[in-house]
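Please keep the model in view while going through the numbered points.

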Amino acid sequence: MHDIKAIRDNPLAFDAGLARRGLAPLSVSLLALDEQKRETMQKLQDAQSRRNALSKEIGMAMGKKDVALADKLKAEVAGLKDAITQGEEQERVQTKALNDALAVIPNIPLATVPDGKSEHDNVEVRIWGEKPVKNFEPQQHFDIGEGLGLMDFEIASKLSGARFVVLKGALARMERALAQFMINLHTDEFGYSETYAPYMLREEAMYGVGQLPKFEEDLFKTTSGHYLIPTAEASLTNLVREQVLDEAKLPIRMTAYTPCFRAEAGAAGRDTRGMIRQHQFSKVELVSITTPEQSDAEHERMTGCAEEVLKRLNLHYRTIVLCTGDMGFGSRKTYDIEVWLPGQNAYREISSCSQFGEFQARRMDARCKAAEAKQARYVHTLNGSALAVGRTMVAVLENYQNDDGSVTIPEVLRPYMGGMTVIKRP
RNA sequence: GGAGAGGUGGCAGAGUGGUCUAUUGCGACGGUCUUGAAAACCGUAGGGGGUGCAAGCCCUCCGGGGGUUCGAAUCCCUCCCUCUCCGCCA
């Protein structure tokens, strides 16, 4: 959510920011709404002020039992009533119009974000490891999983339709092992505090992180009116909503392992086979709440925490910074981590680490204050996947596959899998 | 799911239509006193918004939203939340 006052102060900078996202200028129309609203407020407040003064006089007249004077004053204030009623209604309508307009405008990219139109303009910032050399034609993860008899899309579709999977035996255990490994890394070594939070959220919370109102079609909604979380970011970030935090306690770092539910409304025909794009998948999420000064460094740190998961699994990846045209709605800078998939012969997104500035904080009313400061200010929020568990399993299967169809288990996962070293075909 | 009681400033807790500009206490901050502290005493305080160079002035906020009224913390409607009892339940 943007600050209308900031737009008022510097409309050209705002429009220039939108232009970097490939959007038409909006400051003129926004400021017109703002102008109308303030004009209404001015008139309304004048009328309210006079009403308050007269009402007080009525009260005093009644106290003195001077009914004649009271009636005279009542007649006078009655003339204000229409103006006040109309003014209140008008202010309500105009405020809503302005807020509705602001609520669907994406965040402005940071200066360090490269300009560009699409994913083709993203810029690689670093690359780690190397593509594994195989002396056979690598298979895709679904062929490997089905070959092992432990990954079943057919039965999943009977239960739930397309974009679901059933994992069995060692693969079901690997899903759990990956999550345990990731959570332990982030809590034990990186200082994130493990958190268990709701998977169903109210509309206000979804609005707070920017999922609503613009992306309702991507969400699942229950008969109770709750929304299923598309990411634990939604739950974790909202944990600081409507609060003023002590700056000395920042940054707050949280992590959670949760299922994620996505309607994938606009993804028809994309990644239809396999586990890459599912309605339900699990993910270990990182969320940081920081001061404005801390957020840039925290963003780098967080991305590093996510990358460390891949390093320990010895999976080749590259990190890219998304260009202005490819960033998500609320982000002002995003790093994607793309892992190498030999079966697909491609890099695929496995993590996305974003910083939002105060964009979400404004929507949630999450602020912080230093002990010596007079004024509270908005916190900065960040989040990153570390990692998407399903896609990590895909990467393990494709990178650790052997020519006999078996899959070697990465060393760091073995303690979580009862010492198992390889998953063999039946 | 049923019945009932509640939601007021950092906290506790008054306030059932008009000098509420929200009582009081605790805590906080500033001061007086003191070598220093405690105590006592005096004083200051919140959020959002409009306007103004500024000092200030004005509007709004007693869980959210709407309504009645000249006037609402107080009355009405509605939603949310908390607590108690009952029912069901991993």
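1. The axes of helix α7 (residues 169-189) and helix α10 (residues 295-312) come within 11 Å of each other and cross at roughly 125°. Axes here are lines fitted to C-alpha atoms, for helices over the stretch in contact, with angles running from 0 to 180 degrees between N-to-C directions. Helices (H or I, at least four residues) and strands (E, at least two) are DSSP runs numbered from the N terminus. The two helices α7 and α10 are therefore oblique to each other; angles under 35 degrees count as roughly parallel, over 145 as roughly antiparallel, 65 to 115 as roughly perpendicular and the rest as oblique.

2. The crossing of α7 past α10 is right-handed. A crossing is called left-handed if the near helix is turned anticlockwise from the far one by less than a right angle, and right-handed if clockwise. On the α7 side the contact (heavy atoms within 4.5 Å) involves F181, M182, L185, H186 and E189, and on the α10 side C305, E308, V309 and R312. These residues divide into five nonpolar, one polar and three charged. In this count Ala, Val, Leu, Ile, Met, Phe, Trp, Tyr, Cys and Pro are nonpolar, Asp, Glu, Lys and Arg are charged, and the others, Gly among them, are polar.

3. A note on how to read the values is in place here. The model is predicted: local features need pLDDT of at least 70 and side-chain atom pairs count only at pLDDT 80 or more, while totals for chains, interfaces and linings use all residues. Residues are numbered from 1 along each chain as its sequence is written, chains are lettered from A and ligands numbered from 1 in the order in which they are written, and side-chain values use heavy atoms, with hydrogens and water left out.

4. How do the axes of α3 and α4 cross? Helix α3 (residues 27-63) and helix α4 (residues 67-103) have axes that come within 7 Å and cross at roughly 155°. They are therefore roughly antiparallel to each other. The crossing of α3 past α4 is left-handed, and the residues of their contact divide into 19 nonpolar, seven polar and nine charged.

5. Chain A as a whole has twelve helices and 17 strands. Its C-alpha atoms fill a box of roughly 100 × 45 × 45 Å, taken along the principal axes. Of the 426 residues, 48% count as buried; buried means under 20% relative accessible area, exposed over 50%, and partly exposed in between (1.4 Å probe, protein chains only). Among the contacts in chain A with a separation of 6 or more, 73% join residues 24 or more positions apart.

6. Helix α12 (residues 389-399) is largely enclosed by the rest of the structure, because eleven of its eleven residues are buried. Among them are the charged residues R391 and E398.

7. L413 and M174 are 239 residues apart in sequence, yet 7.9 Å apart in space, C-alpha to C-alpha. Neighbours within four places in sequence aside, L413 is in contact with M174, A177, L178, F181 and L313.

8. Two cis peptide bonds deserve a look. One joins L250 and P251, with omega about 0°, and P251 is in the loop between β7 (243-246) and β8 (252-261). Another runs from A386 to L387, with omega near 5°, and L387 lies in strand β15 (residues 380-388).

9. Is E264 buried or exposed? E264 is buried, with a relative accessible area of 18%. It has a positive phi, near 50°, although not a glycine, and lies in the loop between β8 and β9 (280-290). N345 also has a positive phi, about 55°, without being a glycine. N345 is in the loop between β11 (333-341) and β12 (346-355) and is exposed, with a relative accessible area of 58%.

10. The structure holds zero disulfides, a disulfide being a pair of cysteine sulfur atoms within 2.5 Å. For C260, the nearest cysteine sulfur, that of C353, is 14 Å away. The sulfur of C353 is 8.7 Å from the closest cysteine sulfur, in C305, which is too far for a bond. C260 is buried, with a relative accessible area of 0%, and C353 is buried with a relative accessible area of 0%.
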